[in-house]
Amino acid sequence: MQITKLNSKSILPLTCTRSGTCCFGKAVMLNPWELLRFSKEKKITPREFRDLYCEFGGIQLRFDGKPDKKGQKACSQYVDGFGCSVHEGRPLACRLYPLGRQIQFDKAQYIFEGTKFPCLTDCVEVLDLPKLSVGEYLKGQEADAFEKAQDEYLIIMQNIADIGFELLLDSGLAASVDMKTLAVWRELGKEPPELLVKRIGKAWLDCLMIPDITIDTENPITFAQKHNDLLLLKLQENFGSSQTLQELHEASVLIIGVALHLARGLGADTKGISEHWIETAKSHGAKE
Ligand code: SF4
């Protein structure tokens with residue numbers, strides 16, 4: 001698939017008609033702050049929103065509505081003849097659409113896939129609307145807070161993974177005869193979300209996607225930092241006393257699984273990330 005890279009000044013037919021043609025047959029991924037924002041908009045708890053409208057423990061919005069002419073199912077939040085029922089709480093993926101966002105060397109880059117701009121084929125009325133730059137479009141979509149949340153959760157993903165690394169590299173596990181930990185990390189990267197969810201277990205899924213945080217939930221950075229502290233504390237409480245090689249192996253695997261599940265909710269390529277982490281661990285002495 002060809003990827004076209006854009007910058008904030010690129011001019012494109014980006015004005016959204018809100019006709020909702022982009023609300024069918026998509027995979028909309030969620031981070032925990034986005035799940036919270038949705039639940040507030042819907043006036044229910046994050047747990048209720050997750051259980052009613054999400055897949056895989058909350059990392060993906062459910063698309064189980066009435067299908068369109070192409071047979072693609074509508075988003076669970078789409079109301080026929082009206083459009084998005086939670087427009088103010090919609091996540092970054094919906095605010096950016098049809099653009100994607102990549103982070104390279106700490107810099108965000110906007111992209112779209114394919115050779116034809118999707119709005120022109122799916123939403124022809126866009127042709128009659130004024131064109132906007134990427135920067136103007138994102139401002140109109142109020143994407144800023146949602147981009148901040150996404151960036152904070154990328155940091156949290158790496159912070160969680162770092163503990164999985166420590167348990168492998170600094171505990172004596174990598175220096176032992178252990179050859180299986182990296183092999184399981186590789187499996188985790190390829191594992192479909194329904195299996196990874198089972199491996200992680202309910203308690204970790206809840207802590208990851210519906211944390212018990214009540215302070216300043218409007219601010220994505222404060223919320224994410226508080227969530228980071230909660231997760232790291234729980235990891236310390238659960239695995240700080242791991243001693244045997246088997247305990248260390250199991251802890252490292254579970255923690256990398258949690259980090260990869262969060263990565264998938266951020267729209268990242270879990271296979272690519274796990275391969276990168278394996279190479280990093282090998283360069284520090286781990287064996288496979
Ligand atoms: S959340 Fe709203 S904008 Fe996003 S796909 Fe669902 S209905 Fe469409």
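Predicted model: local features only at pLDDT ≥ 70, side-chain atom pairs only at ≥ 80, totals over all residues.

The conversation below goes through the sheet, the helix pairs and the surroundings of the ligand.

Student: In what order do the strands of the open sheet run?
Tutor: The open sheet has 3 strands, and their pairing is antiparallel. Strand 1 (3–6) and strand 7 (100–104) are the edge strands, each pairing on one side only. The order is 1-8-7.

Student: And what is the average twist from one strand to the next?
Tutor: Nice follow-up, with the order 1-8-7 in mind. From one strand to the next, the twist averages 40 degrees.

Student: How many bridges join strand 7 to strand 8?
Tutor: Let's take each side of strand 8 in turn. Strand 1 is joined to strand 8 (residues 107–113) by 4 bridges, and the two run antiparallel. Strand 7 also runs antiparallel to strand 8, and the number of bridges joining them is 5.

Student: Turning to the helices, how are helix 6 and helix 10 oriented to each other?
Tutor: Helix 6 (residues 144–169) packs on helix 10 (residues 220–239) with the axes 9 Å apart and an angle of about 15 degrees. The crossing is right-handed. Angles under 35 degrees count as roughly parallel, and therefore helix 6 and helix 10 are roughly parallel.

Student: How many of the residues in the contact of helix 6 with helix 10 are nonpolar?
Tutor: On helix 6 the contact includes Ala145, Ile156, Ile160, Ile163 and Leu167, and on helix 10 it includes Ile221, Ala224, Leu231, Leu235 and Phe239. The contact also has 3 polar and 2 charged residues. The nonpolar count is 14.

Student: What is the handedness of the crossing of helix 7 and helix 11?
Tutor: Helix 7 (residues 180–190) and helix 11 (residues 245–265) have axes 10 Å apart and an angle of about 25 degrees. These helices are therefore roughly parallel to each other. Their crossing is right-handed.

Student: Which residues of helix 11 make that contact with helix 7?
Tutor: By class, the contact of helix 7 with helix 11 has 6 nonpolar, 5 polar and 1 charged residues. Helix 7 contributes Lys180, Thr181, Val184, Trp185, Leu188 and Gly189. From helix 11 come His249, Ser252, Val253, Ile256, Gly257 and Leu260.

Student: Why are helix 11 and helix 12 described as oblique?
Tutor: Their axes come within 10 Å, helix 12 being residues 270–283, and cross at roughly 140 degrees. Roughly antiparallel would need an angle over 145 degrees. The pair is therefore oblique.

Student: Which residues of helix 12 make the contact with helix 11?
Tutor: Helix 11 passes helix 12 in a right-handed crossing. On helix 11, the contact is made by Ile256, Leu260, Ala263 and Arg264. On helix 12, the residues are Thr270, Ile273, Ser274 and Trp277.

Student: Last one: how many residues around the ligand are charged?
Tutor: The residues around the ligand are Cys23, Val28, Cys75, Gln77, Tyr78, Cys84, Val86, Arg90 and Cys94. By class, 7 of the shell are nonpolar and 1 is polar. The charged count is 1.

Definitions and conventions:
Residues numbered from 1 in each chain as written. Pairing = 2+ DSSP bridges. Axes fitted to C-alpha atoms, helices over the stretch in contact; angles between N-to-C directions. Parallel < 35°, antiparallel > 145°, perpendicular 65-115°, else oblique. Left-handed = near helix turned anticlockwise from the far one by under 90°. Contact = placed C-beta atoms within 7 Å. Nonpolar A, V, L, I, M, F, W, Y, C, P; charged D, E, K, R; others polar. Near = placed C-beta within 6 Å.
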